[in-house]
Amino acid sequence: MTEKIIVFDKVNKWYGNNFHVLRDIDLEVGQGERIVICGPSGSGKSTLIRCINRLEVHQEGRIVVDGVELSDDLKAIERIRREVGMVFQQFNLFPHLTVLENLTLAPMWVGKTPKKEAEERAMHQLQRVRIAEQAGKYPLQLSGGQQQRVAIARALCLTPKIMLFDEPTSALDPEMIKEVLDVMIELAGQGMTMLCVTHEMGFAKAVANRVIFMDEGQIVEQNSPDEFFENPQSDRTKDFLSKILGH
Amino acid sequence: MSAVFKSIAPRPAPVRTEGFVPWVRANLFGDWKSIATTLIILGLAFAYVPGIVSWGAVNAVFKPDADVCQAARGTGACWGVVTEKYRLIIFGRYPYEAQWRPEVATILLLALLIASCIRAFWRPSLVLLWALVIPAFFVLMGGGMLGLEAVSTDQWGGLPLTIMLATFGIVLAFPLSVVVALGRRSELPAIRSLCVVYVELIRGVPLISVLFMASFMFPLFMPVGKSPDVLIRVLVGITLFAAAYLAETVRGGLQAIPKGQIEAAQSLGLSYWQTQRKIVLPQALAMVVPGIMNNFIAIFKDTSLVTIVSLYELTGALSLALNSDADWRPFKIEGYLFITLIYFTFCFSMSRYSLWIEKRVSVSKTR
């Protein structure tokens with residue numbers, strides 16, 4: 001595999017004193033890799049990817065992102081966040097700003113890009129997610145699928161090296177899931193490093209290099225999608241797959 | 001064989017629901033409770049409105065003649081008291097010949113405030129306008145330069161003082177309250193405790209005691225002759241008091257912002273202050289516009305309490321004008337109605353403005 005862009009080394013995290021949410025996580029992600037993380041709710045999969053841009057703080061072990069180790073150093077965190085785009089389950093668009101303003105905010109304030117250039121780049125990203133005609137609208141005037149595509153475009157505006165997706169289609173109506181997945185598949189085709197928490201197994205089969213199954217804060221099993229679905233190793237994985245694929 | 005989906009064309013409603021007559025029917029005579037209430041209100045209006053009109057207008061005396069007023073007592077209002085005393089009510093103890101100065105100063109200040117409320121003026125040059133008008137206000141009021149005779153602050157009074165205290169109270173308390181509200185949610189325990197102590201301490205005492213402290217106690221702790229002007233001390237007192245209440249209103253808005261908004265801003269690399277300024281505060285403040293305006297209106301009216309530390313703002317100036325004059329003292333009610341009208345004009349404008357702001361900030365919420 002190529003250069004390692006994310007490294008988890010014996011990472012542990014607790015919520016409060018007793019809830020051990022991540023247990024001895026070891027994980028290496030190569031540049032351009034596309035990883036799908038699945039598992040039952042409460043298994044720590046969201047927490048895992050939220051540790052990468054330090055929305056969650058781990059207590060033990062090391063996390064190195066793009067050569068920078070995560071610590072309390074705010075400057076390092078801000079640098080990493082510029083390299084890591086994130087898409088949330090609830091979109092989290094800024095409702096008081098127009099679509100275009102949502103996209104230009106970070107480039108202008110974080111990247112110090114002049115307004116005109118930021119807007120040109122934003123329009124380019126909106127075209128990429130096929131929603132350029134909505135640039136002047138406010139987020140709440142859009143459908144869920146449109147909002148999530150705007151959120152993807154917003155994350156792309158800082159030209160990140162890594163994209164994190166935290167259940168990007170879980171809050172969407174069934175009719176809108178496809179339009180978001182299509183954008184993500186396109187992105188995967190362009191060589192972006194992606195970590196995606198999702199239960200869209202079709203998506204996993206289509207784009208992932210590797211599927212990771214988590215339970216109780218641990219990585220139970222990881223494998224290529226074909227192997228993972230055809231030939232799961234652990235009982236826990238088999239049980240999970242039978243539940244989500246069984247109907 | 002599959003059925004063909006056929007869309008049903010929209011039709012207008014069968015009964016008219018918009019317009020004056022349907023409105024009256026629905027809201028005033030909808031059911032027996034509405035009918036009864038409407039009739040009672042109409043009855044009360046017929047019983048009292050004619051009396052009020054005859055006292056306030058038909059039998060009222062408008063001439064500044066105390067004898068005529070005395071004769072009309074009980075049957076008609078004596079608006080003559082306003083005609084006679086309005087300069088004293090509006091300008092307080094400010095030297096009579098120099099009263100054009102507070103007049104011009106107040107008009108300037110009001111013009112500045114109105115301009116600041118209008119969208120077309122919201123550009124960087126507005127700051128310059130403030131930087132020009134505020135010193136001009138104090139030069140005109142205080143004098144002592146440009147050939148204007150010096151007028152000490154204890155002679156300032158009436159409406160100019162009310163407007164000045166309210167304006168500076170609001171303009172200074174608002175940013176302070178935002179800082180305190182953010183501080184109460186800070187992750188740093190020292191800052192958080194400091195803000196909690198400040199808010200709870202101030203909210204635990206009435207404004208009157210804050211004003212007493214500022215006016216009478218504070219100078220005791222200062223070297224003789226070194227204490228700042230009483231007006232400044234009182235202004236600081238009002239600001240600190242108002243900011244504590246405002247801070248809680250603002251904090252209410254801050255708490256209503258979903259965590260996801262902050263996480264999204266963080267994930268984009270925005271710093272703490274950028275997140276607060278660009279994401280959290282615009283939404284939080286928009287949410288609590290009615291509460292903030294509530295506080296602003298309260299500040300405006302609370303300025304009337306400075307009378308107790310011998311600053312004669314509008315309410316104080318009215319007492320000053322009437323208490324010293326036995327001929328006119330009986331017509332206090334008319335005097336109070338006059339300043340009521342002034343207070344109402346300001347407070348009502350503020351509340352209408354707040355509605356306009358609410359409409360503006362809700363643009364993004366309409367689907």
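View 1. A search of the whole structure returns zero disulfides over all chains, a disulfide being a pair of cysteine sulfur atoms within 2.5 Å. The closest cysteine sulfur to that of A:Cys157 belongs to A:Cys196 and lies 20 Å away, too far for a bond.

**View 2. The open sheet of chain A.** Four strands are arranged in the order 2-1-4-5 with antiparallel pairing. Strands (E, at least two residues) and helices (H or I, at least four) are DSSP runs numbered from the N terminus, and two strands pair if DSSP finds at least two bridges between them. Strand 2 (19-30) and strand 5 (68-69) of chain A each have a single partner strand, so one side of each lacks a neighbour in the sheet. Strand 1 (residues 4-15) of chain A is joined to strand 2 of chain A by eight bridges, and A:Tyr15 stands opposite A:Phe19 in strand 2 of chain A.

**View 3. Domains of chain B.** Chain B comprises domain 1 (21-58), domain 2 (102-150) and domain 3 (155-363), with bounds from an automatic or database domain assignment. The centres of domain 1 and domain 3 of chain B, taken over C-alpha atoms, are 38 Å apart.

**Conventions.** Residues are numbered from 1 along each chain as its sequence is written, and chains are lettered from A and ligands numbered from 1 in the order in which they are written. In this predicted model local features need pLDDT of at least 70, side-chain atom pairs count only at pLDDT 80 or more, and totals for chains, interfaces and linings use all residues, while side-chain values use heavy atoms, leaving out hydrogens and water.
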